[in-house]
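Biologist: I would like to go through this complex with you and ask what stands behind each label. Please set the value against the cut-off every time.

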Amino acid sequence: MASSNSLMYSLFQRSLEDLIKGIRLQLHGDSSFISKSLDEIRREIKLTDLSTKSIALQKLSYLAALHGVDMSWAAFHAVEVVSSSRFGDKRIGYHAIAQSFNDQTPVLLLITNQLRKDLNSSNEYEVSLALECLSRVGTDDLARDLTSEVFTLLGSSKAFVRKKAIGVVLRVFDKYPDAVKVCFKRLVENLESSDQHILSAVVGVFCELTTKDPRSYLPLAPEFYKILVDSRNTWVLIKVLKVFAKLASIEPRLAKKVADPICEHMRRNVGKSLLFECIRTVVSGLSDQETALKLAVAKIRDFLVDDDPNLKYLGLHALSIVAPKHLWAVLENKEAVVKALSDEDPNVKLEALHLLMAMVNEDNVSEISRILMNYALKSGPLFCNEVIGSVLLACSRNSYEIVVDFDWYLSLLGEMARIPHCQRGQEIGHQLIDIGMRVKDARPELVRISRALLIDPALLGNQSLHPILSAAAWASGEYVEFSKTSYDIAEALLQPRTSLLPPSIRAIYIHSTFKVLVFSLKAYFSAQESTSSPLVEESTSSVSSPENAFTYKSISSLVNMIELGLCSLSGTLDVEVQERAKNVLGFTGMIKHKIAEEVTAQGSEIEASRAVAFMEDVFSEELCPVSATAQEKFPLPDGLELKENLEDLQEICGEFLKPVVESNSNLFSSSEKISFSVARLRISDQQEASSSSSHPPESASLLAEHRKRHGMYYLSSQKSDDHNDSNGNNNTLNEYPPANEISADSFNPKKKMNQSKPRPVVVKLDEGDDFKMKPDASSNDEPLSRAIQTALMGKGKEKEREKDNHERSLDPGIKEQSSRKEKKTKKKNGEKSSKHRSRRRSDKDAIAAKPVEIVDFLL
Amino acid sequence: MSWLTWRVPFQRRLVSSDRSRFLLNSPFPEKMIRFILLQNRQGKTRLAKYYVPLEESEKHKVEYEVHRLVVNRDAKFTNFVEFRTHKVIYRRYAGLFFSVCVDITDNELAYLESIHLFVEILDHFFSNVCELDLVFNFHKVYLILDEFILAGELQETSKRAIIERMSELEKLE
């Protein structure tokens with residue numbers, strides 16, 4: 001029964017064509033048909049008849065490739081089909097293997113022998129199938145076991161086979177670096193082949209190898225040079241140019257040598273792809289070669305004015321490569337670049353944008369920003385935000401290096417916030433605060449802009465702009481002393497529409513209102529004091545400008561407005577908002593009473609102004625940027641256990657700590673992490689003053705809340721109090737570097753002295769030593785580059801390193817083998833020769849001969 | 001300013017980093033072709049060959065994303081799109097999109113030329129090729145492709161050589 005069944009299956013098996021037709025006939029989704037066919041395939045593939053099996057496998061490959069059916073289950077059947085003697089079956093099998101096998105496929109080991117058999121086959125088409133398969137699925141084991149076969153094929157008389165073997169070498173080297181010892185010589189010999197197909201393949205391999213580790217291939221420069229001069233094959237030349245671009249980056253003398261032939265190619269009427277490769281090689285690696293660069297820039301100009309968008313894009317791209325070193329090339333083409341901003345293709349626009357940003361300096365920044373803002377207004381959301389982001393980035397680079405007029409820049413930030421598509425709220429908000437802290441002279445304008453932003457109704461509705469509002473609210477509260485109309489600011493902060501904002505931002509609004517209130521009261525009281533007793537020293541006389549002179553009437557209307565605005569919030573659900581509102585209300589309740597008393601009886605004024613003076617003290621200390629490395633400079637006090645106790649804390653309240661940790665852009669001192677302190681809590685709980693006030697106003701009461709709940713994870717209050725003191729008063733403890741230390745270079749004398757409006761001081765911290773990553777030196781230790789360096793250079797140094805590595809990592813057998821090899825190479829000491837054959841045979845000789853040879857070639 | 005890096009193209013920023021890792025982990029991440037795709041306008045894949053190991057589900061995502069990227073591009077646009085950390089060079093022939101994914105620094109024009117060469121070979125082989133030819137001769141298309149590209153490297157740039165090889169292979173079947 002079973003056998004008749006199988007006969008039936010093979011007799012009436014659907015071919016691939018039937019399957020495809022069947023799928024095409026399905027009108028309403030093909031999934032049921034496919035699963036039916038899969039069932040068929042599962043039955044057919046189990047039959048012993050190889051041709052039935054192979055057709056089933058072919059159908060499965062089709063379904064897997066184009067309909068995403070899983071075919072990993074058929075791995076073993078693919079191995080069976082490959083063993084067929086029929087070429088057609090074998091092809092189907094190899095195709096299935098290449099398509100579905102990966103390094104983890106368990107039956108992979110079963111194909112080693114089959115591959116070896118086919119690699120040794122006399123039929124070049126079978127060899128080619130096996131090579132293709134190896135190039136796709138070669139694992140470490142396969143590469144090791146089949147190295148000798150590949151080596152043989154590298155010398156095959158059939159160009160077609162040799163070409164493919166060369167292609168496979170790449171995979172073999174990668175998986176089994178020791179294969180270099182065997183195959184490298186033959187690979188290099190192929191560089192001298194006259195057959196363009198072979199040359200193309202071998203240059204392709206070297207292009208890959210060189211990209212990974214250019215230094216090892218420097219000795220082959222003469223061979224590549226010969227190809228560069230002689231070859232007329234576009235593809236070969238492109239690859240050789242890529243090789244030279246890499247080599248020239250580590251051997252500057254090469255650049256001079258290859259500049260001429262490259263110019264030759266550019267002057268010849270070559271294809272656009274080769275021309276572009278020449279341009280790219282020149283602008284990226286040979287930009288010190290003047291003639292070559294000039295020629296390349298001239299060719300770039302041709303690209304820029306071409307109608308083909310591809311060429312235009314590539315022209316811009318090439319300019320962007322050359323821009324950092326030779327800005328003149330970009331400036332020469334400025335019109336074309338600006339024009340490209342209005343191109344239809346986003347790629348072209350983006351590239352033009354990057355170029356414009358590369359051109360920006362302090363003289364043209366306002367002009368370029370103007371152009372870009374106009375484009376941002378006109379274009380879609382994606383490009384618009386790209387433009388805004390670029391301008392923000394360029395202007396803020398290196399502590400606002402290119403910005404001279406901060407009033408202008410702040411108004412630009414305000415303008416950006418009002419662009420309808422703007423989504424860069426986070427960055428704009430960050431910069432508003434950053435400038436407020438760094439640039440004292442910009443604060444009056446900052447407050448003005450902030451108020452304008454606060455009362456702009458359009459901003460409230462756009463969620464991504466909320467960070468701007470939060471920053472504006474903070475700035476207008478913090479720097480209220482620079483404002484002429486603190487009443488208006490309070491009004492803006494209390495407008496009813498703030499209910500649209502998320503609670504965290506509303507809390508900032510409320511806190512800023514509080515600051516405004518305290519400032520106004522202080523101004524009022526000091527004015528009163530000075531009228532009643534003119535001899536009293538005024539601490540804040542400088543800030544109370546005539547516009548801010550408060551009368552009893554105006555101050556009580558301010559207090560009333562604040563009370564009115566906040567009383568509805570005292571019952572809100574959000575704890576942060578509620579707590580802050582209650583704090584302010586408590587304060588106003590107290591102070592209102594005092595003010596009223598004061599009018600009637602002058603005697604109690606001391607008491608009232610004392611309460612206000614407390615609060616004034618809290619806010620009067622200036623917030624300064626703090627270097628991200630400040631914490632490191634502070635020696636750890638004895639007995640302070642940071643890690644042990646706080647590790648758990650990180651887990652529990654990671655959310656709260658994170659913003660502080662992440663703001664390493666000098667916003668707040670990282671040392672404050674440790675000292676979010678009792679003193680701080682008292683401020684918000686009981687309005688008590690503390691000497692340290694340089695704390696972020698946000699998160700303080702959240703932390704208080706948290707402290708109540710997780711008290712055991714906090715340091716003892718005694719300790720943090722001490723710590724806090726040392727933090728606030730720099731004078732008491734000498735070890736702690738002043739938080740707002742200003743480095744010498746911030747007063748850069750070379751900066752425009754003849755400017756009509758002098759650039760304000762920008763507080764800049766010692767950023768030099770932060771965030772610098774050391775280059776990873778480990779890449780050189782890749783086994784492949786080691787092997788190749790040994791094969792090619794044979795430098796003693798490399799060899800020693802190799803030996804070391806072997807000794808460290810490999811088993812004794814291999815160690816012995818490698819040292820034996822060394823001995824062998826040391827024995828041979830043949831005559832000097834430029835031929836690779838001898839070079840490889842006598843490594844020792846190469847050590848002496850090689851460097852000399854490069855020099856000869858270069859001179 | 002570590003919170004922003006200079007020159008991050010916007011397509012790239014949309015991709016979570018772990019997904020693009022697949023394409024980066026190939027043995028030689030520099031110059032080779034990552035995959036070649038043939039898709040019609042509806043997004044049906046007619047040929048897909050990957051030169052880097054990818055999970056089946058990942059392949060689907062790649063095909064879907066590439067189709068989305070290229071299908072709505074205007075004829076006046078460039079033939080290059082950034083795709084995750086790489087770039088796709090595509091060309092449209094009638095309703096078929098030929099897309100090659102290569103490294104960001106590779107030569108765009110050379111791949112455009114090779115796509116065109118591949119199409120010319122198909123056209124010659126099937127004499128006036130159409131989408132149906134590719135559907136019904138799926139294995140032959142792969143054979144041609146294997147002659148054309150090996151291990152992610154362009155193997156053969158001569159149209160004549162490939163066509164000759166194909167006719168010999170036909171005889172063997």
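Modeller: Start with accessibility: buried means under 20% relative accessible area, exposed over 50%, and partly exposed in between, with a 1.4 Å probe and protein chains only. This is a predicted model, in which local features need pLDDT of at least 70 and side-chain atom pairs count only at pLDDT 80 or more, while totals for chains, interfaces and linings use all residues. Residues are numbered from 1 along each chain as its sequence is written, chains are lettered from A and ligands numbered from 1 in the order in which they are written, and side-chain values use heavy atoms, with hydrogens and water left out.

Biologist: What makes A:Lys46 count as exposed?

Modeller: Its relative accessibility is 62%, so A:Lys46 counts as exposed. A:Lys46 sits in the loop between helix H3 (31–45) and helix H4 (50–67) of chain A. Helices here are DSSP runs of H or I with at least four residues, strands are runs of E with at least two, and both are numbered from the N terminus.

Biologist: Which residues does A:Lys46 touch, leaving out those up to four places away in sequence?

Modeller: A:Lys53 and A:His77. A contact means heavy atoms within 4.5 Å.

Biologist: How confident is the predictor in each chain, in terms of average pLDDT?

Modeller: pLDDT is the predictor's confidence in each residue, from 0 to 100. Chain A averages 75, and 71% of its residues score at least 70. Over residues 715–755 of chain A the pLDDT is below 50, and that stretch has 61 contacts in the model beyond near neighbours in sequence. Residues 768–781 of chain A are also below 50, with eleven such contacts. Chain B averages 78, with 82% of the residues at 70 or above. Over residues 1–29 of chain B the pLDDT is below 50, and this stretch has 67 contacts beyond near neighbours in sequence. Where pLDDT is low, the predicted coordinates should not be read in detail. For the complex, the predictor gives an ipTM of 0.83 and a pTM of 0.67.

Biologist: Why are H29(A) and H31(A) called roughly parallel?

Modeller: The axes of helix H29 (residues 486–493) and helix H31 (residues 552–567) of chain A come within 10 Å and cross at roughly 10°. Axes are lines fitted to C-alpha atoms, for helices over the stretch in contact, and angles run from 0 to 180 degrees between N-to-C directions. Angles under 35 degrees count as roughly parallel, over 145 as roughly antiparallel, 65 to 115 as roughly perpendicular and the rest as oblique. The two helices are therefore roughly parallel to each other. At their contact, A:Tyr487, A:Ala490 and A:Glu491 in H29(A) meet A:Ser557, A:Leu558 and A:Met561 in H31(A).

Biologist: How do you know that A:Lys164 and B:Glu147 form a salt bridge?

Modeller: A salt bridge is a side-chain nitrogen of Lys or Arg within 4 Å of a carboxyl oxygen of Asp or Glu. The closest N and O atoms of A:Lys164 and B:Glu147 are 3.3 Å apart, which meets the cut-off. The pair crosses between chains, from helix H10 (residues 159–175) of chain A to helix H6 (residues 138–148) of chain B.

Biologist: What makes B:Glu65 and B:Arg84 buried?

Modeller: The relative accessible area is 19% for B:Glu65, so this residue is buried. For B:Arg84 the area is 3%, so it is buried as well. Their salt bridge has its closest N and O atoms 3.1 Å apart.

Biologist: Why does B:Glu108 count as buried?

Modeller: It has 1% relative accessibility, so B:Glu108 counts as buried. B:Glu108 lies in helix H4 (residues 108–125) of chain B. Beyond residues up to four places away in sequence, B:Glu108 touches A:Phe276, A:Arg280, A:Leu314, B:Phe80, B:Lys87 and B:Ile89.
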